Amino acid sequence: GAPPWSGLTLWRGVATAEPFLDGSTMVMVGDGEQKFVAYPLGPVGPDGRMPINFIAERRGAGSGEVDWNHPIDPQPIVDLFREWAFDWIDIPALIASADEILEYPMVDRDALPQWTFGRTTLVGDAAHAMYPNGSNGGSQATLDARTLAFHLATAASPEAGLRAYEADRRPATAALLEQTRQAGPEKVMVLAAERAPEGFAHIHDVIGPDELEEVATAYKRAAGFHPASLNGRASLSVVR
Ligand SMILES: Cc1cc2nc3c(=O)[nH]c(=O)nc-3n(C[C@H](O)[C@H](O)[C@H](O)COP(=O)(O)OP(=O)(O)OC[C@H]3O[C@@H](n4cnc5c(N)ncnc54)[C@H](O)[C@@H]3O)c2cc1C
């Protein structure tokens, strides 16, 4: 069936523009209803400009129809972000200058009850397509591959290896899927907007350092890249 739609629509594009902030920073602006994410893709060219990748996001402004190659007219998106021209980044100008903008509904897939059937299993997006909150789909596919290789190298049979891989990865990715549906690490943006709709002087006035750390740590643990947990577990490399 059709993938469930979050109600959010993403517009992705690449603009060539002057650097913002220090020229090597990723920014995320907004809340759970409307958001803008941008980061540089390469160095500053001789003309003083650089390629900047961006994602503009808004709830209820598109459709859940899945078409990954759907170019759109930038003007309505520029209009949605008209008020977002700041002295450190001009978001409507960035959107207007994109070479092309593609529209994506933010969809995912419900967690599957089974990945492995005999000598066949699922990895990556085929196993657990999830929202891009946390920028994590590629990382999870890599973790799948590494875990799969470990179990195939150490299990008594290929079938047992696939079952052990699924036992490791399916519950972990199902839990992560739930976190991405709650905005993942970007939950702090939602909290800040809820608690201080008129703005704030310092983030700690709105969300204390402990709570910020708690949100980040919970996501890192669920996603499998919490440094202390990683350093504390046995390596997945098999030395023969
Ligand atoms: C715009 C965008 C931005 C993203 N940004 C990030 C990010 O910042 N960080 C992150 O971690 N993840 C990101 N992701 C998610 C990430 O790209 C995916 O989660 C990841 O690529 C999944 O890997 P995969 O190997 O499972 O699938 P894919 O990378 O989709 O690979 C599947 C491959 O199978 C091929 N294929 C399909 N059907 C057949 C067939 N019948 N026969 C042979 N081959 C076939 C496809 O052509 C493709 O090459 C992003 C995704 C998109 C679309």
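The chain is divided into two domains, domain 1 (5–107) and domain 2 (125–232). The model is a predicted one. The centres of the two domains, taken over C-alpha atoms, are separated by 24 Å. Twelve residues from domain 1 and eight residues from domain 2 take part in the contact. Between them, domain 1 and domain 2 bury about 750 Å². Carbon and sulfur atoms account for 69% of this area. On the domain 1 side, Met28, Lys35 and Met106 stand out. These three residues supply 46% of the area that domain 1 buries against domain 2, more than any other three residues.

The chain holds eight helices and five strands. From the N terminus on, their order is β-β-β-β-α-α-β-α-α-α-α-α-α. Along the principal axes, the C-alpha atoms fill a box of roughly 60 × 40 × 40 Å.

The ligand is surrounded by Arg12, Gly124, Asp125, Ser135, Asn136, Gly137, Gly138, Ser139 and Ala141. By class, this shell comprises one nonpolar, six polar and two charged residues. Helix H4 (residues 137–154) gives the most to the shell, with four residues. Arg12, by contrast, belongs to strand E1 (5–17), and Asp125 to helix H3 (125–128).

An N or O atom in the side chain of Asp125 lies 2.7 Å from an oxygen atom of the ligand. A polar backbone atom of Ser135 is 3.1 Å from a nitrogen atom of the ligand. At Ser139, a polar backbone atom is 3.2 Å from a ligand oxygen atom. Taken alone, the ligand exposes 1000 Å². The protein buries 31% of that area.

Backbone geometry sets two residues apart. Most residues other than glycine have a negative phi. Ser135 has a positive phi of about 45°, although it is not a glycine. This residue is found in the loop between helix H3 and helix H4. Ser135 is also one of the residues around the ligand, and its backbone supplies the polar atom 3.1 Å from the ligand nitrogen. Leu21, likewise not a glycine, has a positive phi of about 50°. Leu21 is found in the loop between strand E1 and strand E2 (27–30).

Definitions and conventions
Residues numbered from 1 in each chain as written. Predicted model: local features only at pLDDT ≥ 70, side-chain atom pairs only at ≥ 80, totals over all residues. Heavy atoms only, no water. Near = heavy atom within 4 Å. Polar contact = N/O pair within 3.5 Å; in protein donor to acceptor, adjacent residues only side chain to side chain. Areas by Shrake-Rupley, 256 points an atom, 1.4 Å probe, with all protein chains shown as cover. Helix = DSSP H or I, 4+ residues; strand = E, 2+ residues; numbered from the N terminus. Nonpolar A, V, L, I, M, F, W, Y, C, P; charged D, E, K, R; others polar. Domains from an automatic or database assignment. Contact = heavy atoms within 4.5 Å. Buried area = accessible area lost by both parts, 1.4 Å probe.
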